[in-house]
Amino acid sequence: MQLNAKFKALLASAAIAVGLTACGGSSGDAQSSQSSGAATVASIKEKGVIRIGVFGDKPPFGYVDANGKNQGFDVEIAKDLAKDLLGSPDKVEFVLTEAANRVEYVRSGKVDLILANFTKTPERAEAVYFADPYMKVALGVVSPKDKPITDVAQLKDQTLLVNKGTTADAFFTKNHPEVKLLKFDQNTETFDALKDGRGVALAHDNALLWAWAKENPNFEVAIGNLGPAEFIAPAVQKGNTDLLNWVNGEIAAMKKDGRLKAAYEKTLLPVYGEKVKPEELLAE
């Protein structure tokens, strides 16, 4: 299968298979309904499983494939964490989350940590503890090729599509009240709305938009870098310095021994090819 077709199939299967993970399965693929307090490294070892929140519909970062298995860049990192902590990459329980639920899942203890393409912001840092970043990103805007949005000024009094609870939502709400926002929970809903013409453009992380536009040649990311560069990092419950310190050590080790780059080459390189360099996305 060609890479373009492969990515298209991933996005389609994510929309279909996301329900499979939510309905149950093995410890590595079941959505948890358990809620508890902050989990220490010792208590996670005692349970024998680490609960990590990931996306189910955001390929190539986090998605559920046609077989109901979690896949993607964030998922590879999660498996590495489970292997180092519990001796096996299968001892992770993936908990599917939407963008707007990430903070609450951490705060309530529904997950031990979040690895759902979570951009660090001052507002979020008041609610959770962020570990060291593993990825960097900026906002982008994708629009139809025949009616490109090349400047934010073109969005005045127009409808822009965003996902609830994302940095794109926060950025435009705060800085551009003149832009009408139409918000969705799921990525698939948001991109379908763009195809249906329910908005003149869609704002999201540029890394995701580059991948999506490659598979949808009638659209282009005419604004590739909007606002300041930001960082994506794992997050744990506020006050949980024990788990935070352990995760920080793991992220540092993955950068040093090449595992972070290996995860990139396995999940992101097939999508981006040579158009995007690893150093453009991986945090130092």
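What span should the 14 residues of helix 3 have at 1.5 Å a residue, and how far apart are its end C-alpha atoms? The expected span, taken as 1.5 Å times one less than the number of residues, is 20 Å, and the end C-alpha atoms of helix 3 are 20 Å apart, which agrees.

Before going on, note that this is a predicted model, in which local features need pLDDT of at least 70 and side-chain atom pairs count only at pLDDT 80 or more, while totals for chains, interfaces and linings use all residues. Residues are numbered from 1 along each chain as its sequence is written, and side-chain values use heavy atoms, with hydrogens and water left out.

**First stop: helix 3**

Select residues 73–86, which form helix 3; helices here are DSSP runs of H or I with at least four residues, strands are runs of E with at least two, and both are numbered from the N terminus. Of its 14 residues, 11 are buried, so helix 3 is largely enclosed by the rest of the structure; buried means under 20% relative accessible area, exposed over 50%, and partly exposed in between, with a 1.4 Å probe and protein chains only. Among the buried residues are F73, V75, I77, L81 and L85.

**Second stop: helix 10**

The axes are lines fitted to C-alpha atoms over the stretch in contact, and angles run from 0 to 180 degrees between N-to-C directions. The two helices are therefore oblique to each other, given that angles under 35 degrees count as roughly parallel, over 145 as roughly antiparallel, 65 to 115 as roughly perpendicular and the rest as oblique. To see the contact (heavy atoms within 4.5 Å), show F73, E76, I77, D80 and D84 of helix 3 together with R259, L260, A263, Y264, K266 and T267 of helix 10.

Move to P60, in the loop between strand 2 (57–58) and strand 3 (62–64), where the peptide bond from P59 to P60 is cis, with omega near 5°. Most residues other than glycine have a negative phi, and most peptide bonds are trans.

Next select N117, between strand 6 (113–114) and helix 5 (122–125), where phi has a positive value near 50°. N117 counts as buried, at 2% relative accessibility.

Finish at D157, in the loop between strand 8 (135–144) and strand 9 (159–163), which has a positive phi of about 65° although it is not a glycine. D157 is partly exposed, with a relative accessible area of 47%.
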